[in-house]
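Please look over the sequence and the structure below. The paragraphs that follow go through them part by part.

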Amino acid sequence: MADPEAPPATTTGAGSTRRERGGPEHPAVLGAGGAGLALGALGVVFGDIGTSPLYAMQTVFSIDDNAVTPSPSDVYGVVSLVFWSVTIIVTIKYVTFMLRADNDGEGGVMALAALVRGTLHAGRRASFALALGVLGAALFYGDSLITPAISVLSAVEGVEVVRPELAEVVLPVGAVILAMLFIAQRVGTERVGRLFGPIMALWFVVLAVLGLPRIVTHPDVLLGLSPTYIVAFFADHPFTAFIAMGAVVLAITGAEALYADMGHFGRRPIRLAWFAVVFPALIINYLGQGALILHDPAAVANPFYLLAPGWARIPLIVLATAATVIASQAVISGAFSVSQQAVRLGYLPRLTVRHTSESESGQIYVPTVNWLLFGGVLILVATFRSSSSLATAYGLAVTGTLLISTTLFVFHAATAWHWARWQLVTVGVVFGGIELLYFSANLTKIVHGGWLPLLVAAIVIVVMTTWQRGRKAVTARRTELEGPLQEFLDDLPDEIVRVPGTAVFPHPTKQTAPLALRANVEFNHVLHERVLIVSLVPTSVPHVPVDQRLTVDDLKHPHDGIVHVSARFGFQDVQDVPGVLRQACAFSPELADGDPDRAFFYISQITIERGREPGMSTWRKRLFVGLAHNAASPAGSFRLPTERTVVMGSRIDL
């Protein structure tokens, strides 16, 4: 099994690459490639929010047994709620403010939590910030399960509008499409984005083309852009308006995925795509649906597909299905990023991470997460069987994540950007107040399916906190077995046999002796001519420049050729131990004669068994042992050559 001892990320010290006030633009977007990346962002980042018109308005008018009626006052109120929600939460909060709060180019609630913890350094507030990050990540996983299911089903259900007798094929066709989507993940977001970008560009054009004629025919729908209709909606029908908010939130699903996927494309392409294409297309389509309902109240049955003339509905179903597959891509990519960040921060066991781009380190594929999501999505599709049923489960995860991101953003703005108190209060009241209303409205859905994302979040939180607690307990026990490194070196006999070659021992600290090194000396009675103890130090920034990565310590001891190297890595960097060795050989005179391509790598592998030690309940110990046994091998994570890697084991009782 893999070593669970990898330390959590530390705050950044000298040489930090953390950027304040948004910092310089992500390097991938500099130069002429910004437009191409914006097109790719359409295919990966905006799929989720871009397909909300398929079901958002329909759900608003069907929720709670059609509590919202297609009367002019209700329609204007709903249109106004949708417009101002998208404007305030997505355009102002996320695109304008949140994208500035990048962690060295990376976004997402875990990256933001790590960034906040880095500025707070330590203490209760830092722990609270990281706890919020864990909760936000857990809620995001719930969103990542529901989005593919509801998006694909809502598109395929369009066949019922054209041919009601085909309703039986919706589930099997949806399952096949979802299977193809998850199988395709291994090719990476760069290739997927290149394929999906043009499709989504066409999708947004179609959204605008569908909505514009209805607005021209019924321009009175533009009255809904005035926020006074929100006030009138709540004044006339307060309970109905409150219920409607639980469905209107569907129009802003995908905002967190937009932020989490920032590392894949960068800030500028995302903003360019939003303001130039996505935002206007969405608003035009929502206004068009509102105008259609004003003219034909019966259109509430499926206002999106009824926008299209009869001859265009089959092609529209095909395009919508493709768009919803792309919508699922947005949250799947975000789930990969959040999972990798959680591993580096010490909240999940080591996972196999495959980098799918030679130029973008943020573009990754995590097989375990991919197949767990796939299994969960298929269960949801089989259980809920329709997008309207799934809509009741949607919302709590989204609004909970929105509230958490606002809280973390206020922390960051206060500590890193030193905003004035009135600015912090304004942001907290405006964004947090609206999101709290949405969250409260969605609490009414708990008994009708809203329990689902809460259950998923609870499971993820249990897994993350169990791994963190177990890892700390194992680290403490392992430290006892290893003993002090300096004492071990001082006790080495002068006559010990030194064999030719270089031995590398990945080890989390220089305070204790690697178990593999100790076993090699005690059982084989030999020591290599050159010994390199490598400590990989995770930091709370995504990337550490190579020239700021290494700290070499020629340990003070009576034996030559034993060196300790600390290598700092960001939580999005590839932990390449052979690369560290090459850099260290060029840096340290003690290792100058070594050949990095012929060195051997020794891994201390621990077998963890459930014991009677206090500190964790029995069921948590069982869960931790199961997670540890299924963690990815450090040899793969550290990019160690298989033919020159030696595994030496020991046992620890938890």
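In which helix does L212 lie? L212 lies in helix α9, residues 189-217; helices (H or I, at least four residues) and strands (E, at least two) are DSSP runs numbered from the N terminus. The model is a predicted one, in which local features need pLDDT of at least 70 and side-chain atom pairs count only at pLDDT 80 or more, while totals for chains, interfaces and linings use all residues. Residues are numbered from 1 along each chain as its sequence is written, and side-chain values use heavy atoms, with hydrogens and water left out.

L212 has a relative accessibility of 46% and therefore counts as partly exposed; buried means under 20% relative accessible area, exposed over 50%, and partly exposed in between, with a 1.4 Å probe and protein chains only. In sequence L212 and G288 are 76 residues apart, but in space their C-alpha atoms are 6.2 Å apart.

Helix α5 covers residues 109-120. Its 12 residues reach 16 Å from the first C-alpha to the last, close to the 16 Å expected at 1.5 Å a residue, where the expected span is 1.5 Å times one less than the number of residues. The helix is mostly covered, with 12 of its 12 residues buried. Rings of Phe, Tyr and Trp (its six-membered ring) pair if their centres lie within 6.5 Å; planes under 30 degrees apart count as stacked, over 60 as edge-to-face and the rest as tilted. By this rule the count comes to 20 aromatic pairs. One of them is the edge-to-face pair of F97 and F431, at 6.1 Å centre to centre with 65° between the planes. This pair links distant parts of the chain, since F97 belongs to helix α4 (residues 72-97) and F431 to helix α20 (residues 421-443), 334 residues apart. F97 has a relative accessibility of 21% and so counts as partly exposed, whereas F431 is buried at 5%.

F409 and W419 make another edge-to-face pair, with 5.7 Å between centres and 80° between planes. Here F409 is in helix α19 (residues 396-415) and W419 in the loop between α19 and α20, 10 residues apart. Both residues of the F409 and W419 pair are buried. The residues of these two pairs, F97, F431, F409 and W419, form one aromatic cluster together with W417. W417 also has the charged end of R100 over its ring, 4.5 Å from the ring centre; a charge sits over a ring if NZ of Lys or CZ of Arg is within 6 Å of the ring centre and within 35 degrees of the ring normal.

The loop between α19 and α20 also holds H418. The phi of H418 is near 55°, a positive value in a residue other than glycine, and H418 is exposed, with a relative accessible area of 61%. R385 is another non-glycine residue with a positive phi, about 70°. R385 is found in the loop between α17 (367-384) and α18 (387-391), and its relative accessible area of 52% makes it exposed.

How many salt bridges does the structure hold? There are 7, where a salt bridge is a side-chain nitrogen of Lys or Arg within 4 Å of a carboxyl oxygen of Asp or Glu. Side chains of opposite charge can pair when their charged atoms come close. One of the bridges joins E480 and R477, with the closest N and O atoms 3.0 Å apart. Both residues, E480 and R477, lie in helix α21 (residues 451-482), 3 residues apart, which is about one turn of the helix. An α-helix has 3.6 residues a turn, so residues three or four places apart point the same way. E480 is exposed at 59% relative accessible area, and R477 is partly exposed at 34%.

A second bridge is formed by K510 and D553, at 2.7 Å from N to O. K510 is in the loop between β3 (497-506) and α23 (515-524) and D553 is in strand β5 (residues 550-554), so this bridge ties together parts 43 residues apart in sequence. K510 is partly exposed at 33%, and D553 is partly exposed at 23%. The side chains of E529 and R530 also meet in a salt bridge, at 3.6 Å from N to O. Of these two, E529 counts as partly exposed at 35% relative accessibility, while R530 counts as buried at 14%.

The surface has a nonpolar patch of about 180 Å², made by L166, V169 and V173. Patches are made of residues with over 30% relative accessible area and no salt bridge, like charges being joined within 9 Å and nonpolar side chains (Val, Leu, Ile, Met, Phe, Trp, Tyr) within 5 Å. Accessible areas come from the Shrake-Rupley method with a 1.4 Å probe, and for residues only the protein chains shown count as cover. L166 is in the loop between α7 (158-162) and α8 (170-183), and is partly exposed with a relative accessible area of 33%.
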